[in-house]
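Dear colleague,

Please find below the sequence and structure that I am handing over to you. My notes on what was found follow directly after them.

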Amino acid sequence: DKTSKERKSFVLEEKRKCKEGINVNGVFIPGGLYFHLNYYHLQRDATEKELLSGSDKKIVSLPNLRDNEWIVFNDYDKVCKDPQIYTLCGARQLIKTEFEVSTTLRELSLMRNTEALGIFQADEDLDTFIKKIRIAIEFGQKFIIVPNIDKDWKKKEIRFGIQKQDSSVDLRGVLYLYNTQEGKKIQVGA
């Protein structure tokens with residue numbers, strides 16, 4: 001409740017959990033996974049039960065906790081604490097795209113002065129990333145998710161932060177989006 005005197009401490013504690021993680025009955029849940037399960041919204045296919053009750057074919061919801069999420073987010077947390085290169089190979093329904101979008105949005109929302117770089121092979125990959133991050137921003141909790149200031153997703157630089165009433169900007173981070181166009185523009189990441 002926005003009028004509650006406990007709101008500020010609740011918000012600060014939720015942001016801390018999203019950054020640092022949380023220990024529940026001796027089981028550590030990394031901050032990235034906590035953010036993903038509680039604040040990252042994705043679009044998914046409706047279940048048969050949801051379709052029978054009149055839902056649309058696609059539903060926006062929080063993700064489920066699967067083994068894939070548990071393994072990938074825990075592995076990523078380990079390499080962040082002991083810096084290494086983390087390679088995530090692709091397979092259908094593994095979590096790679098949702099992980100990339102969730103992790104990018106978490107960094108842009110919770111860490112100050114963040115710069116994130118997305119390099120894509122083809123228009124379809126870039127379009128998928130943009131579609132997913134837009135859904136997550138639109139349906140996310142405003143006290144956690146920092147919105148994008150630049151609304152034109154065709155730009156290569158998307159600023160995240162708060163546009164104030166006096167037109168000034170409280171810049172929190174920048175997302176750079178580049179497309180190699182299937183190897184035709186291999187220097188875009190340079």
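In this predicted model, G118 stands opposite L177, a residue of strand β7. The strand β5 (114-120) is joined to β7 (residues 169-179) by seven bridges, and the two run parallel. Both belong to an open sheet of three strands, whose order is β5-β7-β6 and whose pairing is mixed. Because β5 and β6 (157-163) stand at the edges with a single partner strand each, one side of each has no neighbour in the sheet. From one strand to the next, the twist averages 20 degrees.

Two helices pack on this sheet. Helix α5 touches β5, β6 and β7, and its direction makes about 155 degrees with that of β7. Helix α6 likewise touches β5, β6 and β7, with an angle of about 155 degrees to the direction of β7.

The second largest pocket has a volume of about 600 Å³. Of its 23 lining residues, E100, L117, G118, I119 and F120 are the closest to its centre. The largest share of the lining, seven residues, comes from β5, while α5 (96-110) and α6 (123-139) each supply at least two residues. By class, the lining has 10 nonpolar, eight polar and five charged residues.

Elsewhere, the axes of helices α1 (residues 7-20) and α2 (residues 31-39) come within 5 Å and cross at roughly 125 degrees, which means that α1 is oblique to α2. The residues of this contact divide into five nonpolar, two polar and four charged. Among them are F10 and E14 in α1, and Y34 and F35 in α2.

Yours sincerely

Note on methods
Residues are numbered from 1 along each chain as its sequence is written. This is a predicted model: local features need pLDDT of at least 70, side-chain atom pairs count only at pLDDT 80 or more; totals for chains, interfaces and linings use all residues. Side-chain values use heavy atoms; hydrogens and water are left out. On a 1 Å grid over the protein atoms alone, a cavity is a set of points where a 1.4 Å probe fits but cannot get out, and a pocket is an open set with protein on both sides within 12 Å along at least five of seven lines; lining residues have an atom within 4 Å of a point. Grid points are joined across faces, edges and corners, and a volume is the space filled by probe spheres set on the points. Helices (H or I, at least four residues) and strands (E, at least two) are DSSP runs, numbered from the N terminus. Ala, Val, Leu, Ile, Met, Phe, Trp, Tyr, Cys and Pro count as nonpolar, Asp, Glu, Lys and Arg as charged, and the others, Gly among them, as polar. Axes are lines fitted to C-alpha atoms, for helices over the stretch in contact, and angles run from 0 to 180 degrees between N-to-C directions. Angles under 35 degrees count as roughly parallel, over 145 as roughly antiparallel, 65 to 115 as roughly perpendicular and the rest as oblique. Contact means heavy atoms within 4.5 Å. Two strands pair if DSSP finds at least two bridges between them.
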